[in-house]
Amino acid sequence: MRNTFAEALYKAATANPDVYVVVADISPAGSMGKFREQYPERFINVGVAEQSMIGISAGLALKGCQPFAYTIATFSLYRPFEMVRDDLCYQNLPVTVVGMGAGVIYSTLGGTHHTQEDIAIAGALPNMQIVSPCDPAEVALATAWCAQQKNGPVYLRLGKAGEPVFTDNAVDPWVFGKLRCIQRGSDVCILSHGIIMGMAMKLARQFEAAGKSVSIVSCHTLKPLDRAGIAEALKSHKHVVVVEEHAPHGGLASHTKQIAWDSRAQCRLDVFTLQDEFIHNYGSHEDLLGAHGLSYDRIAAGVGLS
Amino acid sequence: MNDAPRLNSFDAAAARQRCLRYRKRILDISQQVQALHIGSAYSCTEIVDCVYNGLMRRNGDGSSPDTFLMSKGHGCMIQYAILEDLGVLTRQDMDLYCKPNGILGCHPDYGNPGIEASTGSLGHGLSMVVGMALAERGRRTSGVIYTVLSDGEVQEGSTWEAVLMASSFGLSNIVAFVDYNNFQSLGRTSETHPSFFPLVDKFVAFGWETVEVDGHDPAAIHDAVVSRKGGKPLMVVANTTKGKGVSYMENVPIWHYRSPSKDEYKKALEELEAAQR
């Protein structure tokens, strides 16, 4: 995702001289190096100074530019929180705050590098939009969208590296603010976003092996959430499953439960999220998800597949 | 005809008269509300006047290629008074200050006429100024970004991130002022952080061209900016008096926020009118 983002950003910057990237001492992976070489005046490295990264992005946007503030998710959203709130959201400026490596992807770096409540926090801010692409192909589309939108601030939640593509044959196009059906079925609907989509795909295959017709949906826009789309998914399937690498509150899972209540949904609804806990585990990304209770086997058992 | 934006000629005597007029206007407004940061506005009256009426260049249509951002947002009454004087804000805007149908509050709000950024939370302004200055540079436009910081605000870590940024990026198109009135809400700034002073040394150490002036001397403020060497961002440490111009407000912390009573209003008006004569 990191490289795809850099490539998409480079393309956007080539097409639009107002696109800037303000980074906080992050390695110029992939095409970010090309961006820096080609457009040195629009590649701004603030060093280890994330509050200023956001403020500078706001200043650029106040002058009509289209900046991306880019670093590891905890440092792009949590560290400069009041700058995100006041400078970007209160002033409603079209700045994209890129959270790289969200969730518990930094699985050996400890809790200071985990971003498990970012959607809840960003989602609580008026004017903030949240996009969480599920694969590199969606990263490219989302980045291109962010580079030209003028609605206001965006929190773009990314994975890290090496993610597979899930949406090559998606039945729906990527449209900001709309659910995106990757495949359409009639019995079970799996709602997910971000790179944990891989687990959702695996779950779908197992449902299908058990004779179920399965919808898989990329809920890439978390704010504004496509509430009508989710209500429809709840209505048109007997069983809806949410798989989300985020805390239990304020993310897709809790919103889906609210929508289920509001729309008097009759289906079975199972949600699987990270825990509302700091964990002190190390290992692979999968190990960390497992420590939070998001192992594939537990999910499969939870939905009645094992 | 040369259409390039031009600098107004600066008449210090006229500036003094304007500043008295602005202080009176702020005093009038103070009678409409329970609280406003009158002491903070009086402290930077000459600075903000000099920026708008002496430093910012004007295009033929009255617009400016330059930008002023009030980083110490609580001092915005002086900005409002000047914007009214320039015809950017209306008398009605001012009459509705802090009222339900109005647009103006105790801190500047982006989107209001003449207001370039929302401030009020301290330590945000200078980074936005850096971003604006980078945008000017990226577009190869000549705009100068002016800002006023409070001395309390200089205690914010985020201010120092931006101080570092401006010099590292060589942003000579930034002109910042510290309204050094030596007061913050709880007392003297120099007592809160004695080792923070002298301030000038700190900005010099961070790579800014730095100059110290009497912040109530219009000519000195103007000269400090127009006679700058250039090549670096400029920090003007302006020595000021909180509540300047009204004897009982000067250096009395309660006037950070309080509005004068009727009697106090009368006394203040008398003093300002006497100074005008």
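**Exercise 1. Pairing within the chain A sheet**

Which residue in β3(A) is the bridge partner of Val21(A)?

Solution. The model is predicted.

Step 1. Strand β1 of chain A covers residues 19–23, and strand β3 of chain A covers residues 66–72. The two run parallel and are joined by 5 bridges.

Step 2. Within this pairing, Val21(A) has Phe68(A) as its bridge partner.

Step 3. The open sheet has 7 strands in the order β2-β1-β3-β4-β6-β5-β10 (chain A), with mixed pairing. At its edges stand β2 (43–45) and β10 (221–223) of chain A; each has a single partner strand, so one side of each lacks a neighbour in the sheet. On average, and with direction ignored, neighbouring strands are turned by 20 degrees against each other.

**Exercise 2. Two helix pairs in chain A**

Classify the crossing of α1(A) with α7(A), then the crossing of α9(A) with α10(A).

Solution. 

Step 1. Helix α1 (residues 2–15) and helix α7 (residues 136–146), both of chain A, have axes that come within 9 Å and cross at roughly 30 degrees. Angles under 35 degrees count as roughly parallel, so α1(A) is roughly parallel to α7(A).

Step 2. The crossing of α1(A) past α7(A) is right-handed.

Step 3. On the α1(A) side the contact uses Thr4(A), Phe5(A), Ala8(A) and Leu9(A); on the α7(A) side it uses Pro136(A), Val139(A), Ala140(A) and Thr143(A). By class, the residues of this contact are 6 nonpolar, 2 polar and no charged.

Step 4. For helix α9 (residues 227–236) and helix α10 (residues 252–262) of chain A, the axes come within 9 Å and cross at roughly 70 degrees. The range 65 to 115 counts as roughly perpendicular, so α9(A) is roughly perpendicular to α10(A).

Step 5. α9(A) and α10(A) cross in a right-handed sense. α9(A) contributes Arg227(A), Ile230(A), Ala231(A) and Leu234(A) to the contact, while the residues from α10(A) include Leu252(A), His255(A), Ile259(A) and Asp262(A). The contact of α9(A) with α10(A) divides into 6 nonpolar, 3 polar and 2 charged residues.

**Exercise 3. Strand β8 of chain A**

Solution. 

Step 1. β8(A) runs parallel to strand β9 (residues 214–218) of chain A, and 5 bridges join them. Opposite Leu191(A) stands Val217(A) in β9(A).

**Exercise 4. The chain B sheet**

Give the strand order of the open sheet in chain B and find its edges.

Solution. 

Step 1. The order of its 5 strands is β1-β2-β3-β7-β6 (chain B), and the pairing is parallel.

Step 2. β1 (67–69) and β6 (209–214) of chain B are the edge strands, each pairing on one side only.

Step 3. Inside the sheet, strand β2 (residues 145–150) and strand β3 (residues 174–180) of chain B run parallel and are joined by 6 bridges. In that pairing Ser150(B) is opposite Asp179(B).

**Exercise 5. Backbone features in loops**

Solution. 

Step 1. The bond between Lys223(A) and Pro224(A) is cis, with omega about -5 degrees. Pro224(A) sits in the loop between β10 and α9 of chain A.

Step 2. Phe197(B) and Pro198(B) are joined by a cis peptide bond with omega near 5 degrees. Pro198(B) belongs to the loop between α8 (189–192) and α9 (199–205) of chain B.

Step 3. Arg264(A), in the loop between α10 and β12 (268–272) of chain A, has a positive phi near 50 degrees. Its relative accessible area is 67%, so Arg264(A) is exposed.

Step 4. Asn182(B), in the loop between β3 and β4 (183–184) of chain B, has a positive phi near 60 degrees. Buried means under 20% relative accessible area; Asn182(B) has 13% and therefore counts as buried.

Terms used:
Residues are numbered from 1 along each chain as its sequence is written. Chains are lettered from A and ligands numbered from 1 in the order in which they are written. This is a predicted model: local features need pLDDT of at least 70, side-chain atom pairs count only at pLDDT 80 or more; totals for chains, interfaces and linings use all residues. Side-chain values use heavy atoms; hydrogens and water are left out. Axes are lines fitted to C-alpha atoms, for helices over the stretch in contact, and angles run from 0 to 180 degrees between N-to-C directions. Helices (H or I, at least four residues) and strands (E, at least two) are DSSP runs, numbered from the N terminus. Angles under 35 degrees count as roughly parallel, over 145 as roughly antiparallel, 65 to 115 as roughly perpendicular and the rest as oblique. A crossing is left-handed if the near helix is turned anticlockwise from the far one by less than a right angle, and right-handed if clockwise. Contact means heavy atoms within 4.5 Å. Ala, Val, Leu, Ile, Met, Phe, Trp, Tyr, Cys and Pro count as nonpolar, Asp, Glu, Lys and Arg as charged, and the others, Gly among them, as polar. Two strands pair if DSSP finds at least two bridges between them. Buried means under 20% relative accessible area, exposed over 50%, partly exposed in between (1.4 Å probe, protein chains only).
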